[in-house]
Structure formats: C-alpha cells, structure tokens
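Trainee: Could we go through the terms used for this model, setting each value against its definition?

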Amino acid sequence: GRTDFAVWRPSNGTWYVINSSTGVAVTRQWGVGGDIPVPGDYDNDSKTDFAVWRPSNGTWYVINSSTGLAVTRQWGVGGDVPAPGRYDNDGRTDFAVWRPSNGTWYVINSSTGVAVTRQWGVGGDIPAPGNYDFSIRNDFAVWRPSNGTWYIFGN
C-alpha cells in the first residue's frame, strides 16, 4: 500500500525500484531512449505497472504486473503529452494524452474502450490531471505558467 521509490533511466531503458515492503532493489529493462515513463495500475491489481509512452509512434507499452504480459496500445501522436489517470472510476489507469496544439484531452476509458475528448487548456499549459474534487476520478487540469494559474475541469 506504499509508493516505492523508482526511477527510469532513458540511457538504457531500465527501471530501478526499491520495494518499500522488503527494501529489495528490483531492476527491469522496459523502454528505449526517447520514451516517456507513464507508470500506473493499468490492470487494476493495486500494483503499479511498468509503462512507457513512445512519442515517435504514439504507442503505449505496458507490462501488466498481474500477468507479466506486455500490452501495447497506439494512442496519441508526436507532440502530445501523456496524461494517464483514472478518468472513468474503474480502478484502472486509462490511456490519455493532452495535445498542446489544440488544448484537447484524448482519453480511452478502460471500462468501455470508448474514446472521450475534452477541450481544456491552451498551448503553453502543462497538463496536471488529478482528483481535485474528491470524486474518485481524475479531473482535467492544466497549470498555466504565464500567469501561475491552475484551471480545473471536474470530471
């Protein structure tokens, strides 16, 4: 139930994790240089899965901790910013990206497989999904560095 200390090294695509319950260090090669780490509970087993998003092809690469099997999903395009989160309240991390060019969020609800879009934000914003209203689901949120303001759209 505790968050483990973990880093992902882009130079060799390796995850380094210190297991909080045992103190044992675990390493796992998963990803390549240029990938973006996007850990989350994609298989709803209450454990964080190793995951990366590859901007060059817009593909998510996940190792489900419950099965050890690799899952890939193309979702997003170059220039997008990965913004995974629990947008549909089913306990699983959803594949999501935010597109700075049009300020639109693109989410695949893991419970239904249905794509959801929401325009929220403008170029230059930084996506910051989170549960800001205690609704159990992630809200669409951006932080605007130009004025230091947070903009939150409750989900």
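Mentor: The largest nonpolar core has 11 residues in all: V38, Y42, A51, W53, W60, V62, W75, F95, V97, Y106 and I108. The model is predicted, with local features needing pLDDT of at least 70 and side-chain atom pairs pLDDT 80 or more, whereas totals for chains, interfaces and linings use all residues. Residues are numbered from 1 along each chain as its sequence is written, and side-chain values use heavy atoms, without hydrogens and water.

Trainee: What makes W8 and W15 a tilted pair?

Mentor: Their centres are 6.4 Å apart with 50° between the planes, and rings of Phe, Tyr and Trp (its six-membered ring) pair if their centres lie within 6.5 Å, planes under 30 degrees apart being stacked, over 60 edge-to-face and the rest tilted, so the pair is called tilted.

Trainee: What makes R54 count as sitting over the ring of Y61?

Mentor: The charged end of R54 is 4.2 Å from the ring centre of Y61, and the definition asks for NZ of Lys or CZ of Arg within 6 Å of the centre and within 35 degrees of the ring normal. R144 likewise lies over the face of Y151, at 4.2 Å from the ring centre.

How values were computed. Core = buried A, V, L, I, M, F, W, Y, C linked by side-chain atoms within 4.5 Å. Buried < 20%, exposed > 50% of the residue type's maximum accessible area, 1.4 Å probe, protein only.
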